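Take a look at the chain below.

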Amino acid sequence: KEVFENQKQFIGDASHELQTPLSIIQSKLEALVGQTQLTEEQATIIESIIGSTQRIKKLNKTLLLLSKIENRQFLMTDEVRVEEIIHRSLEYFEEHKEALNIQVEVEIEDHPSIQGNYTLAEILIQNLLKNAFVHNLKNGQVTVLASKQRLTVTNTSNERIDQEKLFQRFYKSSNNPESWGLGLAIAYKISQVSNWELTYSHKNALHTFTVHF
């Protein structure tokens, strides 16, 4: 238990300390790439490094968030309006929706409101929706059902998922370079600290994630 606690503390501390130097590296590189004396090849190399630095910053922020969730640094006293989060979050995935011609169906019962942390609930819902859109098919479908008892997000997909590893950190069922395999791990951890339950089922090319409030 002590080793586990020390590991959690290390991840949090390391992620926090890395943010400042990563930001400095990115700003210095951006200043450098703007200099006119650089050749086209040199500018391309620096832009590639900037892209990698941005990716590391995002990963670092994600690990820091995961550490804060595990250390229960969020109050669970907010009244969370699930419907509001769903509709606002769906706007973020309009490009995915249009690119793959995904049909979206939303059904919400009784304007559900739950107790928890608003920020964590928003991250949880957005991660489930992102998973549903990113891992979908051409002309596929996303269905969102919400009530006071549960939230269900279903999507079409031909990907095979190892259910035993599904909620583990860095587990990826695809080769998508934009994914680190942390979204579902964070969703699962948020459910745990909020005293909810996140489950997964698969049937007839439909992947279903359900949060039981």
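This is a predicted model: local features need pLDDT of at least 70, side-chain atom pairs count only at pLDDT 80 or more; totals for chains, interfaces and linings use all residues.

In which loop is the place of Ala 205? Ala 205 sits in the loop between S6 and S7. Ala 205 is not a glycine, yet it has a positive phi of about 65°.

**The chain as a whole**

Start with the overall picture. The chain has six helices and seven strands. Along the sequence, they follow the pattern α-α-β-α-α-β-β-α-β-β-α-β-β. The C-alpha atoms fill a box of roughly 60 × 50 × 30 Å along the principal axes. The chain holds 213 residues, and buried residues make up 38% of them.

**Helix H6 and its cover**

Helix H6 spans residues 183-193. Its buried residues are Leu 184, Ala 185, Ile 186, Ala 187, Ile 190, Ser 191 and Val 193. What covers them? The cover includes helix H2 (40-70), helix H5 (118-134), strand S6 (197-203) and strand S7 (206-212). Just after H6 comes Asn 195, with a positive phi of about 60°.

Two of the covering helices can be followed in detail. Take H2 against H6. Their axes come within 10 Å and cross at roughly 20°. H2 is therefore roughly parallel to H6, since angles under 35 degrees fall in that class. The crossing of H2 with H6 is left-handed. On the H2 side, the contact is made by Thr 62, Leu 65, Leu 66, Ile 69 and Glu 70. On the H6 side, Ile 186, Lys 189, Ile 190 and Val 193 take part. By type, the residues of this contact are six nonpolar, one polar and two charged.

Next comes H5 against H6. These helices pack at an angle of about 145°, with their axes 9 Å apart. H5 also passes H6 in a left-handed crossing. From H5 come Leu 120, Ile 123, Leu 124, Asn 127, Leu 128 and Asn 131. They meet Gly 183, Leu 184, Ile 186, Ala 187, Ile 190, Ser 191 and Val 193 in H6. This contact has nine nonpolar residues, four polar and no charged.

Asn 131 is found in helix H5. Is Asn 131 buried or exposed? Asn 131 is buried, because its relative accessible area is 16%, and the buried class lies under 20%. Leaving out residues up to four places away in sequence, Asn 131 touches Leu 184 and Phe 209.

**H3 against H5**

H5 has another partner, helix H3 (residues 82-90). H3 and H5 pack at an angle of about 45°, with their axes 10 Å apart. The two are therefore oblique to each other. Their crossing is right-handed. H3 brings Val 82, Glu 84, Ile 85, Ile 86, Arg 88, Ser 89 and Leu 90 to the contact. H5 brings Tyr 118, Ala 121, Glu 122, Ile 125, Gln 126, Leu 129 and Phe 133. These residues divide into nine nonpolar, two polar and three charged.

| Helix pair | Angle | Axes | Crossing |
|---|---|---|---|
| H2 and H6 | roughly 20° | within 10 Å | left-handed |
| H5 and H6 | about 145° | 9 Å apart | left-handed |
| H3 and H5 | about 45° | 10 Å apart | right-handed |

**The largest nonpolar core**

In soluble globular proteins, nonpolar side chains tend to be buried together. Here the largest nonpolar core has 39 residues. Which of them touch the most other members? They are Ile 86, Leu 128, Leu 151 and Phe 209. Several elements each supply at least two residues of this core, including H2, H3, H5 and H6. The largest share, nine residues, comes from H5.

Not counting residues up to four places away in sequence, Ile 86 touches Val 106, Ile 108, Ile 125, Leu 129, Val 144, Ala 146 and Leu 151.

**One more positive phi**

Finish with Arg 72, in the loop between H2 and strand S1 (78-81). Arg 72 is not a glycine, but its phi is positive, about 55°. Arg 72 counts as exposed because its relative accessibility is 56%, and exposed means over 50%.

Conventions: Residues are numbered from 1 along each chain as its sequence is written. Side-chain values use heavy atoms; hydrogens and water are left out. Buried means under 20% relative accessible area, exposed over 50%, partly exposed in between (1.4 Å probe, protein chains only). Helices (H or I, at least four residues) and strands (E, at least two) are DSSP runs, numbered from the N terminus. Contact means heavy atoms within 4.5 Å. Axes are lines fitted to C-alpha atoms, for helices over the stretch in contact, and angles run from 0 to 180 degrees between N-to-C directions. Angles under 35 degrees count as roughly parallel, over 145 as roughly antiparallel, 65 to 115 as roughly perpendicular and the rest as oblique. A crossing is left-handed if the near helix is turned anticlockwise from the far one by less than a right angle, and right-handed if clockwise. Ala, Val, Leu, Ile, Met, Phe, Trp, Tyr, Cys and Pro count as nonpolar, Asp, Glu, Lys and Arg as charged, and the others, Gly among them, as polar. A nonpolar core is a set of buried Ala, Val, Leu, Ile, Met, Phe, Trp, Tyr and Cys residues joined through side-chain atoms within 4.5 Å.
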